[in-house]
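This report looks at a helix, a pocket and some aromatic rings in one structure. Please look at the model below before reading on.

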Amino acid sequence: MDFLRKADWLTRDRVRGYALLVALASLALLANSYFKAMGPDGTDFLAFWGAGHVTSAGEPAAAYDLATQQRVQTATGSLGWFAFVNPPPFLFAATPFGALPFPLAWIAWVAVTWGLWAWASIRAFPRLWPLVVSYPGALVAAGHAQTGLLTGSLLVLAAHELGKRPRLAGAAIGALVMKPHLALLAPFWFAAGGKWRTFVAAGMTVAALLLAALLVFGTATFEGYVTSWKASGLLMEGVNTDFLLRMTTFFSQTRIFAGDGAAYIAGSISALLALLAAVTCWRRFDGDARATGAAVLAATALASPYLFNYDLPFLIFPTLWLVERGITEGFRTYEKLALVVLWFAPYATRAAALPMGVNLMPLAAVALFFLVWTRPGSGLAETETGTAAAT
């Protein structure tokens, strides 16, 4: 049983080798995603490209016009098209790519956003870079050409910089105005820790981005954004099993099996527990900002009812924080094996969701949060001595 309990076979050299093999396999999978995206089925990135395309042509309000977006996006050869529902500040990010031809824009978006996420993550964990560049959670976001790499880079940057450069951490969180449900816990996290400079920097960044978007894109664009809420609401109406299986929340999975009432209860419990973690993590970790970042980012996967596997590259931070602590303090019983499973979880749960009829990522998120929360002096698990590195 020591083979699994201690997993001493997961040496630094072996893990590095496995990680690089996964990275090479990921390139093949990413190439497959690109060719599919160029086909008739389309890709999520069409929404961002279409919005950026009309904005670069001087018509930002058309980013939210469904008829215009259908025309622009299907002109690429795609039979499908996607509504753009992100807030207007997101147009600052989308417009440069919308000025490019769609096939080139897809490659550029993935390369730039993955590069930002990898930079932030390697900055946080320089010794663990092989586990960063091969992280399956980033592959999911890259394959969809979605926003998860961009938002993940901001969350990782905030968690890493909070204890060193509090204003930079706040600015990173404020930039999440482009996808605000990923920052639900941040105000409570900052306030509970007395990080008022960070709190103010986040608020000022939000205000600055909204004002800049209003000045650059005009009031009609903001009015169009309000109308886009109807499109978002339509996605959540009824029980669309395929759609809900792509989501990674207790709300979505409960809704499949038990309906709306039970789903709202499950989602509320999950969110309240995440909120509780955000306001108590400073006491739990004795003011260690980096440790609270791991806890809050792990809890972020439980906070919002609306979350997909491609939103989860930020989970690299709590996952590698556990690896880092294991290297320096010793791994707990079965912890190495658990971390391998959790490292693969964003991709594995996405791939298995439709065949199994359930997305298990919410359970993986709970397990990740539990491992983070019980790390310091928990006394809940036997600790393996030694510093056998996981990478």
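## An enclosed helix

Helix α8 is largely enclosed by the rest of the structure, because eight of its nine residues are buried, where buried means under 20% relative accessible area, exposed over 50% and partly exposed in between, found with a 1.4 Å probe on protein chains only. The buried residues of α8 are Pro136, Gly137, Ala138, Leu139, Val140, Ala141, Ala142 and Gly143, and what covers them includes α2, α6 (102–124), α9 (148–161) and α18, with contact meaning heavy atoms within 4.5 Å. Helices here are DSSP runs (H or I, at least four residues), and they are numbered from the N terminus. After α8 comes Ala145, which has a positive phi near 50°.

The model is predicted, so local features need pLDDT of at least 70 and side-chain atom pairs count only at pLDDT 80 or more, while totals for chains, interfaces and linings use all residues. Residues are numbered from 1 along each chain as its sequence is written, and side-chain values use heavy atoms, with hydrogens and water left out.

## The largest pocket

The largest pocket contains about 1700 Å³ of space; on a 1 Å grid over the protein atoms alone, a pocket is an open set of points where a 1.4 Å probe fits, with protein on both sides within 12 Å along at least five of seven lines, and lining residues have an atom within 4 Å of a point. The volume is the space filled by probe spheres set on the points, which are joined across faces, edges and corners. Among the 49 lining residues, Asp44, Phe82, His144, Gln146 and Tyr310 are the closest to the centre of this pocket.

Several helices supply at least two lining residues each, including α2 (12–37), α8 (136–144) and α18 (335–356), but α13 gives the most, with eight residues.

## Aromatic rings

The structure holds 28 aromatic pairs, which are rings of Phe, Tyr and Trp (its six-membered ring) with centres within 6.5 Å, counted as stacked if the planes are under 30 degrees apart, edge-to-face if over 60 and tilted for the rest. Tyr34 and Phe35 form an edge-to-face pair, because their ring centres are 5.6 Å apart and their planes lie at 70°. Tyr34 is buried at 17% relative accessible area, whereas Phe35 is exposed at 59%.

Tyr34 also forms an edge-to-face pair with Trp106, at 5.2 Å centre to centre and 65° between the planes. This pair links distant parts of the chain, since Tyr34 lies in helix α2 and Trp106 in helix α6, 72 residues apart.
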